[in-house]
Amino acid sequence: MRRRTFLLSAAACAVPSLSAAYPAQMFTPAVWRDLRQTDQTVVMNFRARWSLTCQIKSDLIAEALAENPAYANLTFVDVDWDTFGPSQMTQRLKVERRSTLLVMKNGNEVTRLVNEPYARKVRALLDAALAA
């Protein structure tokens, strides 16, 4: 077990990270209730702080935002998987694992991306979110 912890920590340190990730609200039930009542397009990032894949996806989102200012029209919400992973909300949304990006508009799912930390896939998801 210690070897795994060491390897994950070392890998997380080795991956370059954009220090100012992206402008995201932290998920709370109140934030979710308020966002569902608007017509905003919401990108929910179900992530764990310790997950390398989640960090890569966050960095890819930040990179995409830096390259395409239109993505700033989207609302980003980070959902802490360790806190809300086993919740009724994730069950209702059928989010079965961390490292899931879920785009919602008017309470309905537009698209999702599960455990695919690739720039082209993240950009395709953000483009679909803009088109919603």
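Helices (H or I, at least four residues) and strands (E, at least two) are DSSP runs, numbered from the N terminus. The model is predicted, so local features need pLDDT of at least 70 and side-chain atom pairs count only at pLDDT 80 or more, while totals for chains, interfaces and linings use all residues. Residues are numbered from 1 along each chain as its sequence is written, and side-chain values use heavy atoms, without hydrogens and water.

**View 1. The open five-stranded sheet has mixed pairing.** Its strand order is β1-β3-β2-β4-β5, where pairing requires at least two DSSP bridges between two strands. Because β1 (24-26) and β5 (108-114) are edge strands with a single partner each, one side of each has no neighbour in the sheet.

**View 2. Strands β2 (residues 41-47) and β3 (residues 75-80) pair in the parallel sense.** Six bridges join the two strands. Val43 lies opposite Phe76 of β3.

**View 3. Helix α3 (residues 52-67) lies across β2, β3, β4 (100-105) and β5.** The helix runs at about 150 degrees to β2; axes are lines fitted to C-alpha atoms, for helices over the stretch in contact, and angles run from 0 to 180 degrees between N-to-C directions. Helix α6 (residues 119-131) also packs on the sheet, touching β2, β3, β4 and β5 (contact: heavy atoms within 4.5 Å).

**View 4. Lys57 of helix α3 is buried (under 20% relative accessible area, 1.4 Å probe, protein chains only).** Lys57 has no salt bridge (a Lys or Arg side-chain nitrogen within 4 Å of an Asp or Glu carboxyl oxygen). The nearest side chain of opposite charge, Glu116, is 7.7 Å away; Lys and Arg count as positive, Asp and Glu as negative, and His and the chain ends are not counted.

How values were computed:
Buried means under 20% relative accessible area, exposed over 50%, partly exposed in between (1.4 Å probe, protein chains only).
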